[in-house]
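Thanks for making time this morning. I would like to walk you through one chain and the way its two parts meet, so please keep the picture in view while I talk.

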Amino acid sequence: MTEVSMLVNGRTVSGAVEGRTLLVQFLRETLGLTGTHVGCDTSQCGACTVHMDGRSVKSCSILAVQAEGSEIRTIEGLAEGNALHPVQAAFKEHHGLQCGFCTPGMIMAATDMIRRHPEGLDEATVRAELEGNICRCTGYHNIVKAILAAAETMGDGEAQAA
Amino acid sequence: MYEVNYHRAGSLDEALKLLADADDGKLIAGGQTLIPAMKTRLAAPSDLIDLRHIAELTGIAVAGRTVTIGDPHVRHMGTIGGSLANNDPAADYPAAMLALAATIVTNAREIAAADFFTGLFETALEEDEIITAVRFDAPERAGYGKFPNPASRYAMTGVFVALDGKTVRAAVTGAGDDGVFRSGELETALVTDFSPSALDGVSVPDDALMTDIHASAAYRASLIVAMAKRAVTMANG
Ligand SMILES: Cc1cc2nc3c(=O)[nH]c(=O)nc-3n(C[C@H](O)[C@H](O)[C@H](O)COP(=O)(O)OP(=O)(O)OC[C@H]3O[C@@H](n4cnc5c(N)ncnc54)[C@H](O)[C@@H]3O)c2cc1C
Ligand code: FES
Ligand code: FES
């Protein structure tokens, strides 16, 4: 067993893990952050998407030891108290989910996508960018709508702040 | 996944030493190929030597055109070195390297792309060799046409074309029985006229192409021509 420590949602955490422990297992089983889901064995579905050092990654395809010393953000770390993150609010508003299983990964992918496209997003870009996130329920339509709406709100916020 | 010992290397020398000391050590870069393979127990190294924190191995001297590989989350981790070392017959980078006549630089030597890819998941790399850089001259024009497998999004057939002065190179991935290869038929057609219509009526033999549940060799042969047209259109665009 190896002791790892990292910053998860702004809090320094540590725990003993095996070399083979996946980051998603550490998050869910050691830290109890079960918002991050596992939907496949093949690194394809994206339900496990979290941010590592500010960029989206699949936590099922990274070892916890690889994340030693890094900064992780999960779905639990997005809202500010009771105020939903704009992407969470947009998913609620536009009904961007049905069963909700893919949703944490979708939202973590969306926040990363919006960050990487400060120029704004269009529908084709959002659909292409969602290649790594699979949803079995919605047909994606409302997910795309929610992401476009959130990108707009967040863009406006920045414009006002500037 | 089987138990594994993890080591984080701080320098190339340290990585080489860790690799030499390990029972059955494996290098790990982005892990986007290796970890999935370990999860299914297709790979079971005793030790992992993490290259991600070695400063000597990062950086891009010349940025080329974008080729889309995997999804954003995979790209945030995956590396070109890992892709080349793995030489998946359906990977994209091997085609680019071959068509760009790239040089693969390791801790020990320099290997021409033409000598580097030696078969399915096989390369000229020795057990204890680490890719440290990849070098190529930006060609006058280059493009890539890819027919992604609808499920995995890897190339079911991909063609990378590059035009440099009077030389045309066209490399095909996702289709060959032995992995990536250059197509003489495509090159001969394109060298006199570097346009998609030059490929009208060109046919590629299918005897050394793959047949699997996704596509037959004959279908791949026709995809090669179709993807080459897309690649040339992109290069000229
Ligand atoms: C969902 C998904 C979709 C993908 N889609 C595509 C796609 O469309 N096209 C495509 O081409 N690829 C695709 N990939 C594969 C991805 O591009 C590769 O995982 C990546 O390029 C390999 O790099 P890595 O850094 O992850 O390698 P790792 O997984 O870390 O390593 C792979 C192999 O290379 C060895 N290695 C790593 N670095 C070095 C080095 N510097 N020197 C010597 N040996 C080394 C390792 O020991 C290992 O054997 C996809 C992967 C996933 C998970
Ligand atoms: S659990 Fe499916 S990609 Fe990670
Ligand atoms: S809402 Fe059910 S999988 Fe996406």
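Between domain 1 and domain 2 of chain A there are 8 residue pairs in polar contact, both residues being at pLDDT 80 or more; such a contact is a pair of N or O atoms within 3.5 Å, where within protein one must be able to donate a hydrogen and the other to accept it, and residues adjacent in sequence count only if both atoms are side-chain atoms. Salt bridges between these domains number 0, taking a side-chain nitrogen of Lys or Arg within 4 Å of a carboxyl oxygen of Asp or Glu.

This is a predicted model, in which local features need pLDDT of at least 70, side-chain atom pairs count only at pLDDT 80 or more, and totals for chains, interfaces and linings use all residues. Side-chain values use heavy atoms, leaving out hydrogens and water, while residues are numbered from 1 along each chain as its sequence is written and chains are lettered from A in the order in which they are written.

Domain 1 of chain A covers 2-77 and domain 2 covers 86-161, with bounds from an automatic or database domain assignment. Together they bury about 1200 Å², 59% of it on carbon and sulfur atoms; that is the accessible area (1.4 Å probe) that two parts lose on being put together, summed over both. On the side of domain 1, H37(A), H51(A) and I75(A) supply 39% of the area buried against domain 2, more than any other three residues.
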